[in-house]
Each structure stands twice: as structure tokens, then as C-alpha cells.
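Dear colleague,

Please find below the structure that I am handing over to you. My notes on what was found in it follow directly after it.

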Amino acid sequence: ALGALPPPQWRMNALWFTRSPRLRWLIAGLVVGATLIAFVFPMIVAILWSLVDPAIGWFPPHVFPASLSLANWRALFAVPELSQAFATSFMVAVLVTLLSLLLGFPTSYAIARRDRKHRRLIELLVLLPLTVPSVVLATGWGSVCMRRGLSQTLLGVVLAQTIVVRPFTIRDEWYFNMRWLG
């Protein structure tokens with residue numbers, strides 16, 4: 001019959017171009033490997049560099065440092081300005097994460113509960129701020145912060161960072177809601 005669905009093995013899936021499970025696993029392995037090389041490996045190297053003993057160093061052909069030490073971290077916290085900057089950065093990261101999750105969840109929950117037609121429109125409106133160039137956003141937000149007395153304050157920085165990451169948070173939480181909450 002013309003209206004009948006094709007057999008299950010011919011339906012389109014995420015990796016529609018291959019029907020071989022081995023090839024799909026190979027592609028998945030390559031993607032995971034590339035992700036590890038591009039993101040995880042540089043972070044491991046940065047952490048190792050922070051733990052290198054300054055008296056000995058870390059030079060080729062050694063793959064790992066000959067000696068590890070917390071001397072670099074002690075030097076960081078010995079300078080009051082650096083330790084204060086480190087603590088402030090950590091506090092901003094935690095506050096932005098919490099605020100983004102708290103503000104993003106109701107929006108993403110509402111998007112997930114809409115019918116498919118309206119869901120795309122709402123998603124477009126939520127992601128629309130990403131089309132605004134960063135310079136325009138920074139100029140506008142800087143002007144608002146100066147008028148409200150928020151420039152160079154912790155609250156101003158937290159709000160600015162939250163504005164930047166909120167569309168991403170909403171989209172991620174929306175996918176979570178679609179997958180786990182129905």
C-alpha cells in the first residue's frame with residue numbers, strides 16, 4: 001500500500017546514513033574521543049601545570065611532571081588580591097548557575113508543556129537574544145548598570161552573566177523536561 005510505513009530497519013534515525021551498528025559505535029567512539037581530546041585533555045594538562053613543582057619544572061620528554069607540589073596554589077593564595085579574585089570568581093560562578101537554573105526551569109517547563117506549534121515559537125523567542133551581538137548587549141547592560149548603581153558590583157556581574165547564559169540554560173532544561181517529565 002502507498003500509505004504504509006517502511007519496514008523498521010529503513011526508518012530514519014539520528015545516524016540515518018548508516019544501518020550498521022558497528023559503524024554507529026565507531027562514529028560514537030570517534031565523537032567521544034574527539035571530545036576528550038578537545039576539552040578534557042587540555043583541562044588535565046592545565047591542572048597538572050598548576051601542580052608542577054616550580055623548583056623542578058616539567059620538560060620534554062617527560063609525559064608527566066617529575067614532582068608535584070602545591071607551591072603554585074600557595075603562591076596564589078599568598079597574594080590577597082589573587083585569593084580574593086579567586087573566591088569572587090567562584091562565588092559568581094555558583095550564583096550564576098543557581099540563578100540561571102531557578103529562572104530557566106519555569107520557562108523550560110512551560111515550553112515543554114506547550115503543543116508542538118507554539119513550542120517552536122516560544123523557543124525562538126527565548127533564543128532570540130543570542131542573535132544580538134555581544135557588544136550591543138554589553139553596551140546596553142553597562143548603561144543599565146550605571147544608571148542603577150550596579151556597575152562594578154557583585155550583583156551587576158551576576159545579573160550580566162545570567163542574562164548571557166539564560167537562553168542556553170532554558171534550552172538545556174527544556175530538553176530535560178521533554179525527556180524525563182513527559
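Ser83 lies in helix α3, which spans residues 80-113; helices here are DSSP runs of H or I with at least four residues, strands are runs of E with at least two, and both are numbered from the N terminus. Please note that this is a predicted model, in which local features need pLDDT of at least 70 and side-chain atom pairs count only at pLDDT 80 or more, while totals for chains, interfaces and linings use all residues. Residues are numbered from 1 along each chain as its sequence is written, and side-chain values use heavy atoms, with hydrogens and water left out.

Is Ser83 buried or exposed? Ser83 counts as buried because its relative accessibility is 19%; the term buried means under 20% relative accessible area, exposed means over 50%, and partly exposed is in between, with a 1.4 Å probe and protein chains only. Leaving aside residues up to four places away in sequence, Ser83 touches Leu76 and Phe77, where a contact means heavy atoms within 4.5 Å.

The protein as a whole has six helices and zero strands. Of its 182 residues, 18% are buried. Among contacts with a separation of 6 or more, 50% are between residues 24 or more positions apart. The protein exposes about 14,000 Å², of which carbon and sulfur atoms supply 72%; this area comes from the Shrake-Rupley method with a 1.4 Å probe.

The structure also holds four aromatic pairs. Rings of Phe, Tyr and Trp (its six-membered ring) pair if their centres lie within 6.5 Å; planes under 30 degrees apart count as stacked, over 60 as edge-to-face and the rest as tilted. One of the pairs is Trp49 with Trp58, which is tilted, at 5.0 Å centre to centre and 45° between the planes. Trp49 is partly exposed because its relative accessibility is 45%, whereas Trp58, at 12%, counts as buried. Phe77, which Ser83 touches, forms an edge-to-face pair with Phe86, at 5.4 Å centre to centre and 90° between the planes. Phe77 has 41% relative accessibility and therefore counts as partly exposed; Phe86, at 38%, is also partly exposed. Together with Trp73, Phe77 and Phe86 form one aromatic cluster.

On a 1 Å grid over the protein atoms alone, a cavity is a set of points where a 1.4 Å probe fits but cannot get out, and a pocket is an open set with protein on both sides within 12 Å along at least five of seven lines; lining residues have an atom within 4 Å of a point. The largest pocket holds about 180 Å³ of space, a volume being the space filled by probe spheres set on the grid points, which are joined across faces, edges and corners. Its lining takes two or more residues from each of α5 (134-148) and α6 (154-180), and α6 gives the largest share, four residues. By class, this lining has nine nonpolar, one polar and no charged residues (Ala, Val, Leu, Ile, Met, Phe, Trp, Tyr, Cys and Pro count as nonpolar, Asp, Glu, Lys and Arg as charged, and the others, Gly among them, as polar).

The largest cavity has a volume of about 40 Å³. Its lining includes Glu123, Arg171 and Trp174, and α4 (116-127) and α6 each supply at least two residues. Six nonpolar, no polar and two charged residues make up this lining.

With kind regards
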